Structures are given as C-alpha cells and as structure tokens.
Amino acid sequence: MQYDTGEVKSMSIDKVREYFKQWSRDKDVMEFAESSATVELAAKAVGVIPARIAKTLSFRDNGGCILIVTAGDRKIDNSKFKKFFQTKARMLSPEEVLLFTGYAIGGVCPFAIENPEVKVYCDISMKRFETVFPACGSSNSAIELTCEEL
C-alpha cells in the first residue's frame, strides 16, 4: 500500500496518540509547527540540549528489524553492536524503515509497532537524564518520558 507523505504522517501520529491513551498520556504528545526530524531540530523544537532527544535508529536483523533508542549525542559502536546482536550493524533504507515500523524516517519511534519482526532496545546512554524526548510517529512530534516509561 502506498501513501503520500502527509497521509503517513497523520496516520502515524494518530496511531501513537491512540497507543498512549492506555496510560492517559495521549494529550502529552507534542506536535510542532516546525520539523523535529533530526536531533538538532527536535532539540530546538522542544527547547532542550540535543542529548535529551531519544533518537530511534533502525537496523537489519536476519529478515527482521532492530530498533535502538539512544541519546541524541551518541553513535552506535559497530563492534559492540556486532558482539551483542551477532550481526553487522546495517541501517535500513527509508523504504524498509517504513515497511517494518510503519513510520517514516524523522518520526520513527518505539511505540505502537505491530510488526513482530521488530525488536526494540533502549541504550543506557539515556539514563543520565530524568526525562528524554522520543518522536511520536511524525517528523514534527515528541513526548517527554522517563527512561522507565520509555
């Protein structure tokens, strides 16, 4: 199925809001007039340092997908990734990200993913903050969560 960008964005953020209703947090999803598609843009939109943005990175995993949520100032260490996952760190293409997660690049988040082939991991780099800000399914959204909530 193909969608235009606006349709995917609207459907994705709505799906995340619906997901957060189970904790009465749907109204906490922030939607910005400007883009928050990169760590720097998200930090500016939210008003925090870039490290507090919880970025979600997408990797291949033997026919599936691994999502790693990490602090905005961190990079994936390829040797640690390979040791932990027993596979080389290879990022998904934008089309594959959308196919696996239902979210377009810039709005990928670990919430409301229905695909059982997607495994989600949170990096300890975020634990140095009381709260972090992951995207909520669109390139102009976020929510403030503790690491425990995430």
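**Exercise 1. Place Thr56 in the chain: which strand holds Thr56, and is Thr56 buried or exposed?**

*Solution.* 
Step 1. Look up the element: Thr56 sits in strand β2, which covers residues 53-61. Keep in mind as you go that this is a predicted model.

Step 2. Check the accessibility. Thr56 has a relative accessible area of 13%. The cut-off for buried is under 20%, so Thr56 is buried.

Step 3. Find its partners. Skipping residues up to four places away in sequence, Thr56 touches Leu67, Ile68 and Val69, and also Val108, Cys109 and Pro110.

Step 4. Thr56 and Gln86 are 30 residues apart along the chain, and 20 Å separates their C-alpha atoms.

**Exercise 2. Describe the chain as a whole: how many helices and strands does the chain have, and in what order do the elements run?**

*Solution.* 
Step 1. Count the elements: there are 4 helices and 6 strands.

Step 2. Read them off from the N terminus, and you get α-β-α-β-β-α-α-β-β-β.

Step 3. Now test the packing. The chain's radius of gyration is 15 Å, close to the 15 Å that the globule rule gives for 150 residues, so the chain is as compact as a globular protein of that length. Along its principal axes, the C-alpha trace spans about 40 × 40 × 30 Å.

Step 4. See how much is tucked away: 45% of the 150 residues are buried. The accessible surface of the chain is about 8600 Å², and carbon and sulfur atoms account for 52% of that.

Step 5. Look at the contacts with a separation of 6 or more: 58% of them join residues 24 or more positions apart.

Step 6. Finish with charge. The chain carries 20 positive and 21 negative side chains, with the centres of the two sets 8 Å apart.

**Exercise 3. Explore the largest nonpolar core: how many residues does it have, and which have the most contacts inside it?**

*Solution.* 
Step 1. Start with the general idea: in soluble globular proteins, nonpolar side chains tend to be buried together.

Step 2. Count the members. The largest nonpolar core has 26 residues, and those with the most contacts inside it are Val16, Phe20, Phe111, Met126, Ile143 and Leu150.

Step 3. Ask where they come from. At least two residues each are supplied by α1 (5-20), β3 (64-71) and α4 (94-101). The largest share, 4 residues, belongs to β3.

Step 4. Zoom in on Phe111. Leaving aside neighbours within four places in sequence, its contacts include Val16, Phe20, Ile143 and Leu150, along with Tyr19, Tyr103 and Pro134.

Step 5. Another one, of 9 residues, lies apart from it, and its members include Ala42, Ala43, Ala45 and Phe133.

**Exercise 4. Compare two loop residues: where are Ala135 and Arg128 found, and what do they touch?**

*Solution.* 
Step 1. Ala135 is in the loop between β5 and β6 (141-142), while Arg128 is in the loop between β4 and β5 (133-134).

Step 2. Check the accessibility. Ala135 is buried at 13%, whereas Arg128 is partly exposed at 41%.

Step 3. List contacts, ignoring residues up to four places away in sequence. Ala135 touches Ala54, Gly106, Gly107, Val108, Cys109, Phe111, Ser141 and Ala142. Arg128 touches Ala51, Ala71, Asp73 and Arg74.

Step 4. Ala135 and Gly107 are 28 residues apart along the chain, yet their C-alpha atoms are separated by 5.4 Å. For Arg128 and Ser36, 92 residues apart, the separation is 22 Å.

Note on methods: Residues are numbered from 1 along each chain as its sequence is written. This is a predicted model: local features need pLDDT of at least 70, side-chain atom pairs count only at pLDDT 80 or more; totals for chains, interfaces and linings use all residues. Side-chain values use heavy atoms; hydrogens and water are left out. A nonpolar core is a set of buried Ala, Val, Leu, Ile, Met, Phe, Trp, Tyr and Cys residues joined through side-chain atoms within 4.5 Å. Buried means under 20% relative accessible area, exposed over 50%, partly exposed in between (1.4 Å probe, protein chains only). Contact means heavy atoms within 4.5 Å. The radius of gyration is taken over C-alpha atoms; the globule rule is 2.2 Å times the number of residues to the power 0.38. Accessible areas come from the Shrake-Rupley method with a 1.4 Å probe; for residues, only the protein chains shown count as cover. Lys and Arg count as positive and Asp and Glu as negative; His and the chain ends are not counted. The place of a charge is taken as NZ of Lys, CZ of Arg, CG of Asp or CD of Glu.
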